[in-house]
Amino acid sequence: MDSHIYGVSKKTLFLFTLLCLSVSSISALPHQNKAGNSTGSGQMINSNSVLVALLDSHYTELAELVEKALLLQTLEEAVGKHNITIFAPRNEALERQLDPEFKRFLLEPGNLKSLQTLLLFHIIPQRVGSNDWPGHKSNPSRHTTLCNDHQHLITQNSGKKLVGSAEVTRPDDVIRPDGVIHGIERLLIPQSVQEDFNRRRNLRSISAVLPEGAPEVDPRTHRLKKPEPPVRAGSPPVLPIYDAMSPGPSLAPAPAPGPGGPHHHFDGESQVKDFIQTLLLYGGYNEMADILVNLTSLATEMGRLVSEGYVLTVLAPNDEAMAKLTTDQLSEPGAPEQIIYYHIIPEYQTEESMYNAVRRFGKIGYDTLRLPHKVVAQEADGSVKFGSGDGSAYLFDPDIYTDGRISVQGIDGVLFPEVEKESTSVKKSFSSVKVATTNPRRGKLMAVACRMLGTLGQDSRFTTCQ
């Protein structure tokens, strides 16, 4: 026989309790959209996109032409559909070798179509790496560009790679998940744009590219100077930076092969000491330097990474921001390391590159050494703002230290991932409820049970509901 409590079956009360628990647990779940992401999360371009890489200092002239030609949205759509290959002339080629008359022709408002055709002539809607070039004994490969024209890729007997008539001086200069950039010696000009320019000038024979100057003679040997081979900064390390990071002294992986190879061309330890010394001399960043040197072994780890060819950008909170950290935030094991890892970006960024990126694309998500969390940057008040809401920080002291391998940017706040902010706010809300409650509380489940029993006329016989 089923026993009763004040006229209510135990089995009935047990089933009713399970029902209430399931309802409360479902209501506590976060609301999500169809894609599985939390509502309100907007799309943004990742910092490792090939379009962001085009803003690099080597190609700022080409990036400005892309912006003036109103092609950013077109390129974003192309990147969203497939990988792209960009043949990019460096700034020197656009500044020195381009006829000023031709440049003025491109920038006239009435010639926007010619400018767009010229720029899209440098982009192929597929990934073509240096290894995909045809051999010198093979026929040239033909590829369709974004302007529906064609480019021919050729390899000479000497091993030089050509795209059209331009030599590829920096093959695979920038490699990103959504595309690749090859540095070329000069601008590629489609025949249609050349004819349009000649037609407007009423001169069929004029050339848009200045002729090369006379060869130089070496005064010591009295022989013609040979052109210097292009010097590359070094191939990126084979291992991703997250695999090269040392999780502990006993679990440290083998050194990642870098540009210096076994000889360690980059002296990372000296460079890390230099930037920490710069922080101390700059003033206002003693707390950050103290954490790197005394509280953690991050300075040693950063030096090893730089020696292996990796580049780093440090977002350094100033002393005023570090003083706002609570004891709870620093007392957990490994907390200082996790905080600093979230402030280190495995890319080389300067104030100019970050501001150009957020100004043109709105929001940029930078990867950090604290996987999988990203630092979101956006333009605000003519500067770069990291994070959002109360946990945001502004670029306060730009370019404190920049040596080509390590970049230090001073910010006026300590950043935390969004997940941690949410958990902290939940803890605060719970604590505030406990403080505000002075009388003994009846649980939500019991309150719902009493209301249900009241509808049945049984609440007066249930002592807890009286």
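Trainee: Which are the buried residues of helix α6, residues 100–107?

Mentor: This is a predicted model, in which local features need pLDDT of at least 70 and side-chain atom pairs count only at pLDDT 80 or more, while totals for chains, interfaces and linings use all residues. Residues are numbered from 1 along each chain as its sequence is written, and side-chain values use heavy atoms, with hydrogens and water left out. Taking buried as under 20% relative accessible area with a 1.4 Å probe and protein chains only, and helices as DSSP runs of H or I with at least four residues, the buried residues of α6 are Phe102, Phe105 and Leu106. They lie on the same side of α6, because they cover an arc of only 95° around the axis, judged by the directions from the axis to the C-beta atoms.

Trainee: Against which helices do the buried residues of α6 pack?

Mentor: Packing rests here on contacts, meaning heavy atoms within 4.5 Å. The partners of these buried residues are α7 (112–120) and α8 (191–201).

Trainee: Which residue caps the N-terminal end of α6?

Mentor: A side-chain oxygen lies 3.2 Å from the backbone nitrogen of Glu101.

Trainee: Which residue in β7 stands opposite Arg142?

Mentor: Strands are DSSP runs of E with at least two residues, and two of them pair if DSSP finds at least two bridges between them. Strand β6 (residues 141–144) and strand β7 (residues 150–155) pair in the antiparallel sense over four bridges. Arg142 belongs to the uncovered face of β6, and the residue opposite Arg142 is His152.

How values were computed
Buried means under 20% relative accessible area, exposed over 50%, partly exposed in between (1.4 Å probe, protein chains only). A polar contact is a pair of N or O atoms within 3.5 Å; within protein, one must be able to donate a hydrogen and the other to accept it, and residues adjacent in sequence count only if both atoms are side-chain atoms.
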